[in-house]
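Start with the contacts, then step back to the pocket.

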Amino acid sequence: MKTVRHNKRERNLKNSYLGKSLAGCAAMIVVAVSNHAVAQSMSENYANDLVKKMTREEKLQMLMGYFSTTAAWLKSTAPKNGMPNSAGYIEGISRLGIPAQSQTDAGIGVATQRSPNPRERTALPSGIAIAATFNDEIAYKGGAMIGNEAWLSGFNVMLAGGANLLREPRNGRNFEYTGEDPLLSGAITGNTIKGIQSNHIISTLKHFAFNDQETNRFTIDVQIGEQAARQSDLLAFEIANEIGKPGSVMCAYNRVNGDYACENDWLLNKVLKNEWGFKGYVMSDWGATHSTIPAANRGLDQQSGYPFDKSPYFAGALDEAVNNNHVSEARLDDMVGRILFAMHENGLFEKPLNGDQSAKIDFVANGKITQEAAEESIVLLKNDRNILPISKTAKKIIIIGGHADKGVLSGGGSSQVYPVGGMAIPNEGPAEFPGPMVFYPSSPLKELQKLTTAEITYYDGADINKAAELSSKADLAIVFANQWTGESVDVVNLNLQNNADELIGKVASANSNTVVVLQTGGPVVMPWLDKVGAVIEAWYPGTSGGKAIARVLVGEVNPSGALPASFVTSINQIPRPKLGGDEVGIAVNNPSQLKGRVSVDYNIEGAAVGYKWLDKTNQTPLFPFGYGLSYSNFEMKNFKVRADKSKVTVNFSIKNNSKVDGKAIAQIYAMPSSDLWEAPKRLVGYKKMQLAKMQEKSGTIEINPKTLAVYNPEIKKWVIKGGDYDFTLSKSSAQHIQKIKVKLEETILD
Ligand code: BGC
């Protein structure tokens with residue numbers, strides 16, 4: 001007999017009014033289950049009962065989302081009850097107590113669509129920065145914080161959870177995602193979603209799937225074989241879904257193997273709903289619905305953001321399609337039921353929206369949460385002669401460029417969160433989407449001035465020769481160098497912007513004590529690397545980023561981030577030196593520049609994304625995946641591996657052999673002795689540990705069996721192939737400290 005699943009929400013419900021009225025119903029479910037061996041959760045029953053009470057008109061109303069922003073270019077008028085300048089709104093049905101769905105972007109906090117009066121909220125560091133923490137708890141805490149701000153801002157659906165793999169380092173949205181590895185990306189995204197949903201709101205998981213570049217994103221046809229798909233991007237989504245249990249999955253703009261992602265039977269019905277057992281609803285990206293009958297029958301449950309799409313496909317046309325039996329009545333009920341299920345499961349009925357309560361947001365407390373995340377995300381890439389932390393004897397420091405006197409950078413597009421106190425530099429960057437270029441008013445210069453007694457001056461770096469001359473007179477030069485990226489545009493190359501490569505080169509020639517602080521959306525190249533003393537990658541560090549950077553520079557915080565993506569030496573190291581589908585060579589997504597429908601071949605690398613591609617093709621990157629230095633010296637030892645069928649557990653210990661407290665990341669890689677996988681090795685586990693000076697601690701990691709398996713499309717199962725595997729205890733994908741050979745039995749996973 002199967003038992004009824006009691007989730008957290010059901011337990012919370014026990015004492016609520018709704019819970020009491022449903023108590024009898026729950027008892028009935030148990031009886032039904034014991035008789036028919038069919039388990040239905042309380043949320044499923046709740047949804048089914050409600051659907052039965054709904055008229056056709058009410059059902060259709062649930063399936064059409066509207067853009068909640070009045071925008072002349074789109075000829076859209078925001079729905080009267082939606083939150084202004086937000087992503088979307090779907091009116092509730094008061095007769096049945098069904099709340100409205102009020103949708104906000106996105107993954108780092110409560111965003112505002114372009115408007116003169118944006119809401120001002122706390123921003124986490126970018127998604128890739130959260131991945132660089134290698135810390136699931138940080139991801140959860142950040143998610144819980146932004147989810148709380150979302151609810152207090154009048155929203156109950158957050159369009160977060162970007163898990164697309166970093167397959168293309170030029171992708172303009174890499175900053176919204178969580179790196180190149182399926183395990184890391186899935187776990188970090190899943191934990192963020194879990195945190196968001198702890199606030200009586202739904203989070204999405206997006207953009208399903210293979211929206212791995214922005215160039216021609218609305219039409220590009222991604223070509224990828226099933227096994228490669230399942231072992232790469234889809235594995236990241238699968239893990240994120242298992243951990244985060246998102247109420248909704250947002251299907252992507254692009255096509256996958258011919259069909260649009262939002263009318264792709266394989267992706268939505270077969271993989272997501274049937275194989276993964278996803279019970280929530282699929283919503284389209286804004287402008288990603290292209291039909292009524294194919295979309296509804298192939299798995300799309302809700303059309304979003306009208307009028308981004310050409311037609312309100314899920315309004316009158318869907319009504320007609322049901323009347324004519326092109327879409328069954330049962331499927332219509334399934335679409336509605338899935339939305340109600342997700343709403344109930346995540347407590348949207350329990351804690352109804354109550355308008356804008358943003359006056360209650362605790363910006364001080366939330367500023368500390370984002371600061372902690374930023375501090376753990378910063379990656380120390382180089383530190384010759386222990387040039388960092390800044391020596392107490394440094395008397396004269398010059399800071400150059402990057403607007404470090406005013407604030408820190410953020411990524412552009414629909415996910416843009418506007419800072420409390422206004423933008424540090426108004427009118428920067430493009431006037432049009434994905435602009436403006438927003439700097440948060442957390443100045444690294446000012447924060448550094450608070451933390452040292454040195455004389456610190458700032459020069460904007462406009463005249464490179466002058467910057468070099470000023471640097472030659474300082475004890476230490478710190479250059480802030482930026483790469484601004486945004487939604488809808490890929491970058492044309494991996495170089496820093498505003499001549500920063502040249503600026504750094506000249507400054508470093510004038511002063512060998514040069515430190516570079518990078519704020520980038522993803523990997524960049526570093527033609528000046530040999531000349532500088534130290535480099536830190538600060539990503540887009542969020543609301544409190546200036547403080548986090550300053551604290552790392554002076555050693556109040558010991559850096560502990562690691563790269564969630566390989567930094568290549570040049571674009572020639574990646575699978576597609578020329579951007580896939582970039583017919584006109586300018587890396588934008590403007591359908592009018594297309595000669596026809598283009599495609600991109602992801603079978604070149606298949607599942608060998610990032611470090612896996614580099615390993616497979618025997619190439620050494622500038623900095624490998626998982627790499628990051630510390631001010632401490634960590635000794636990793638006592639590595640043990642136990643295998644019992646698919647259950648593999650590793651044990652190890654780490655000693656902090658230094659006089660400063662720090663955090664170390666144990667990374668576990670596995671390598672089969674024969675050619676079983678897409679590449680020689682995979683990350684199969686990681687754990688971040690806090691270690692006081694001279695402290696030693698032991699750690700245990702249970703390996704997620706799917707990271708050891710291959711997907712067999714014929715039997716639709718993950719299979720661990722029998723044979724010998726090397727497991728390593730590692731500091732990065734290229735630095736293995738201990739290695740143990742273990743025999744694994746052939747096992748088909750459930
Ligand atoms: C983006 C989504 C976003 C939506 C709503 C789209 O352009 O791709 O990520 O959630 O807009 O703003």
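How far does a polar side-chain atom of Arg-173 lie from an oxygen atom of the ligand? The distance is 2.7 Å. This is a predicted model, where local features need pLDDT of at least 70, side-chain atom pairs count only at pLDDT 80 or more, and totals for chains, interfaces and linings use all residues. Residues are numbered from 1 along each chain as its sequence is written, and side-chain values use heavy atoms, with hydrogens and water left out.

Tyr-253 also reaches the ligand: an N or O atom in its side chain is 2.8 Å from a ligand oxygen. For Gln-113, a polar side-chain atom lies 3.3 Å from an oxygen atom of the ligand. The protein buries 96% of the 310 Å² that the ligand exposes when taken alone (Shrake-Rupley method, 1.4 Å probe).

Now look at the shell. There are 14 residues around the ligand (a heavy atom within 4 Å). Asp-105, Arg-173, His-207, Asp-285 and Glu-487 come nearest.

Step back to the largest pocket. On a 1 Å grid over the protein atoms alone, a pocket is an open set of points where a 1.4 Å probe fits, with protein on both sides within 12 Å along at least five of seven lines; lining residues have an atom within 4 Å of a point. The ligand sits here (more than half of its atoms within 2 Å of the grid points). The lining has 44 residues, and Trp-73, Arg-217, Phe-218, Tyr-253 and Phe-308 lie nearest the pocket centre. Domain 2 (45-360) and domain 3 (372-554) both contribute lining residues, so the largest pocket lies between them. The domain bounds come from an automatic or database domain assignment.

Methods: Polar contact = N/O pair within 3.5 Å; in protein donor to acceptor, adjacent residues only side chain to side chain.
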